[in-house]
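The following exercises concern a predicted model. Each task is followed by a solution in steps.

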Amino acid sequence: MYVWSKRIVIGLLAAFAILSAVFLVQGYPGETSVLKVHTTRWITMNYAGLVIWIFIWMIDQARVRGKNVWLWLVPFLFAPLPVLMVYILILQRRAKT
């Protein structure tokens, strides 16, 4: 069953790029953060756990389909969400007969 459509993925990738650009422009150099250190560590720990969990899922999906997941590791470390969306689209392609 194919859940992801190209239109959804392109829209999500565009939204990710726009939000990333807004995030980079919003920060003022030399200004201190209003987040507490504890909150920042908690968010970072949860994000790291989620990234590890998703990559383990990617390994499992690649093994089921007979694909190589290790080629995706480096791009996944730099931008997990866009790489995951592209990975899912590629895995959903119909096999050539």
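**Exercise 1.** How many residues has H4, and what distance does H4 reach from its first C-alpha to its last?

*Solution.* H4 comprises 13 residues. From first to last C-alpha it reaches 18 Å, close to the 18 Å expected at 1.5 Å a residue. Buried residues in H4 include Pro80, Pro82, Leu84, Tyr87 and Leu91.

**Exercise 2.** Determine which residues line the second largest pocket, and classify them.

*Solution.* The pocket has a volume of about 150 Å³. Its lining consists of Phe16, Tyr47, Leu50, Val51, Ile54, Phe76, Pro80, Leu81, Pro82 and Leu84. Two or more lining residues come from each of helix H2 (37-65) and helix H4 (80-92). By class, the lining divides into 10 nonpolar, no polar and no charged residues.

**Exercise 3.** Is Gln61 buried or exposed, and which residues does Gln61 touch?

*Solution.* Gln61 is found in helix H2. Its relative accessibility is 15%, under the 20% cut-off, so Gln61 counts as buried. Leaving aside residues up to four places away in sequence, Gln61 touches Tyr87 and Leu91.

**Exercise 4.** Classify the ring pair of Trp72 and Tyr87.

*Solution.* The count of aromatic pairs comes to 3. For Trp72 and Tyr87, the ring centres are 5.1 Å apart and the planes lie at 80°; an angle over 60 degrees counts as edge-to-face, so the pair is edge-to-face. The pair links distant parts of the chain, 15 residues apart: Trp72 in the loop between H2 and helix H3 (73-78), and Tyr87 in helix H4. Trp72 counts as buried at 19% relative accessibility, and Tyr87 is buried with a relative accessible area of 2%.

Note on methods: Residues numbered from 1 in each chain as written. Predicted model: local features only at pLDDT ≥ 70, side-chain atom pairs only at ≥ 80, totals over all residues. Heavy atoms only, no water. 1 Å grid on protein atoms, 1.4 Å probe; cavity = no way out; pocket = protein on both sides within 12 Å on 5 of 7 lines; lining within 4 Å. Points joined across faces, edges and corners; volume = space filled by probe spheres on them. Helix = DSSP H or I, 4+ residues; strand = E, 2+ residues; numbered from the N terminus. Nonpolar A, V, L, I, M, F, W, Y, C, P; charged D, E, K, R; others polar. Expected span 1.5 Å × (residues − 1). Buried < 20%, exposed > 50% of the residue type's maximum accessible area, 1.4 Å probe, protein only. Contact = heavy atoms within 4.5 Å. Phe/Tyr/Trp six-rings, centres within 6.5 Å; stacked < 30°, edge-to-face > 60°.
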